[in-house]
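Have the viewer open as you read, and follow the sheets first, then the spaces between the atoms.

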Amino acid sequence: MNQSTASLERLQSAQALFFNSSDLDADRLRRVLAHMCHAKTDWADIYLQQTISRAWVFDEGKIKTGSYSIDRGAGLRTVCGETSTLAYTDILSESSLLDAASTVAKHGRLEQGNDDVILPLSVHHQPYAPVYDIHDPTDNANTTKALALIQEADALARSIDPRVIDVTVTLQCETDSMLLYRLDGLLTGDIKPMVYLSINVLTMENGRKERATAGGGSRLGLDFFTKERLYKWASDAVSEALHNLHADPTPVGIMPVVLGHGWPGILLHEAIGHGLESDFIRKGTSAFSEMLGQRIASPGVTVVDDGTIANARGSISIDDEGTPASRTTLIEDGILTGFMHDLTNARLLNETPTGNGRRESFATLPLPRMTNTFMLAGSHTPEEVIQSVKYGIYASNFSGGQVDITNGKFVFAMSKAYLIENGKLTRPVRGAMLSGSGPEALKHIPMVGNDPALDDGTGQCGKEGQHIPVGVGMPTLRIDALTVGGTNHPEE
């Protein structure tokens, strides 16, 4: 199936979903859009959305909770200069949309902006496929199959080690459908599947307890969860919990840190990626605002944001403004080469949108957001990177952190880490906090591994109260002179 055929099928499926269950059609959406606009409107769109979600929690050998929800509505937006106005309704009817249109028309007449909107070619990538019959959108979450999966995951985790005393398995299935009508006349739609499973284990030895979680997800159906994947995640969770049962307190100080591949890319996402989103760039609040074309990282460091990766958690066919997903090079061989744009900030900066206009729901405004953000491969093996460190820390997993966008300073908790002594991994350590500055850390990456990987599909990004799925990744790499701080490690 070529891209144009697949895009047309998505649009037709979305039209059937929204138009067959309401009095709306393309002509009525045009009338609503005309009612929204006025002489000073730079941009306007109508965003219809339906999200069907199902989730189960399996704990202490039984289903503890189960949920089913449908969230459905429309968001109407006008843009005048730098000001966006949004009205939304959870009733999909022409009269309800006209009421909302009156609201945005009344409050949108603020200032005149740049009338030119640079739109990309309408070529849609197809990084995922619908996994259900449009007439039965809950089919993505077949209950019998879902319950069998979570019981299997529970049994696998308990079988790995006798020190596992409790297991909690969470399974989430979602189908997100959207239909968008824009000021330039584009009518487009998409249907995005998503599944996610996590395995949380509690281990105990000699009265001491440790928890750990592993899991993953994809823009596929339940068939994504093979026995091999479930066993890997169960093993990862148990391994991390047992690691921390026997770990020593982390030494503190400024030292080299080696980050493992995959999920540690969350540091890249937080400490660097947010600062390359164009709203922060335009407002001058990013640490990278005036640095386009300059060297901001060590040679060999190349970072991209790519929404076109097949089935990845952060992938999209089109963004929530109708711009096709793309692969944007942000840093190339250490040089800052690009930013992530939505329509509004691209217009104000006289740039082309990159397919990064994303929103949590019809009740929120689109913002420039990441999709799958990761660093490309270097030339060193992971073993060479570790062997290059005389004394430092190797971190293979993070449990959370925070960053200040204005200066790039970050703090992250390392949930699985080892001491490196004379080029070898020696003692497991726990309670480690990693802190530094994103812009400074980029300049001190002397070695990048040849083992790039995306995370397993767990990323959830928050910005201005909106949460969306994302992907992160990196190869093994070394960052010199980061601050490692120990913490008091609470026991269960």
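Two strands count as paired if DSSP finds at least two bridges between them; helices (H or I, at least four residues) and strands (E, at least two) are DSSP runs, numbered from the N terminus. The model is predicted, so to speak of local features takes pLDDT of at least 70 and side-chain atom pairs count only at pLDDT 80 or more, while totals for chains, interfaces and linings use all residues. Residues are numbered from 1 along each chain as its sequence is written, and side-chain values use heavy atoms, with hydrogens and water left out.

- Strands β9 (residues 303–306) and β14 (residues 372–375) run antiparallel and are joined by three bridges; Val-304 has Phe-374 of β14 as its bridge partner.
- Contact here means heavy atoms within 4.5 Å, and angles run from 0 to 180 degrees between N-to-C directions, with axes fitted to C-alpha atoms, for helices over the stretch in contact.

**The antiparallel sheet**

- Another open sheet has six strands in the order β3-β2-β1-β4-β5-β6, with antiparallel pairing.
- β3 (83–89) and β6 stand at its edges with a single partner strand each, so one side of each is left without a neighbour in the sheet.
- From one strand to the next, the twist averages 20 degrees.
- Seven bridges join β2 to β3, and Ala-74 stands opposite Thr-89 in β3.
- Helix α4 (residues 143–160) packs on this sheet, touching β1, β2, β4 and β5, and its direction makes about 145 degrees with that of β4.
- α5 lies across β4, β5 and β6, running at about 150 degrees to β6.

**Cavities and pockets**

- On a 1 Å grid over the protein atoms alone, a cavity is a set of points where a 1.4 Å probe fits but cannot get out, and a pocket is an open set with protein on both sides within 12 Å along at least five of seven lines; lining residues have an atom within 4 Å of a point.
- Grid points are joined across faces, edges and corners, and a volume is the space filled by probe spheres set on the points.
- The whole structure holds four cavities of 30 Å³ or more, and the largest cavity has a volume of about 60 Å³.
- Residues lining the largest cavity include Leu-259, Met-375 and Ile-479; α6 (266–273), α10 (438–442) and β24 (477–486) are the elements that give two or more residues to this lining.
- The largest pocket has a volume of about 1100 Å³ and 46 lining residues, with Glu-240, Trp-263, Asn-397, Phe-398 and Ser-415 nearest its centre.
- The second largest pocket holds about 670 Å³, and β1 gives the largest share of its lining, six residues.

**Salt bridges**

- The count is 27 salt bridges, each a side-chain nitrogen of Lys or Arg within 4 Å of a carboxyl oxygen of Asp or Glu.
- Glu-94 forms one with Arg-28, the closest N and O atoms being 3.0 Å apart; this pair links helix α3 (residues 94–107) to helix α2 (residues 26–36), 66 residues apart.
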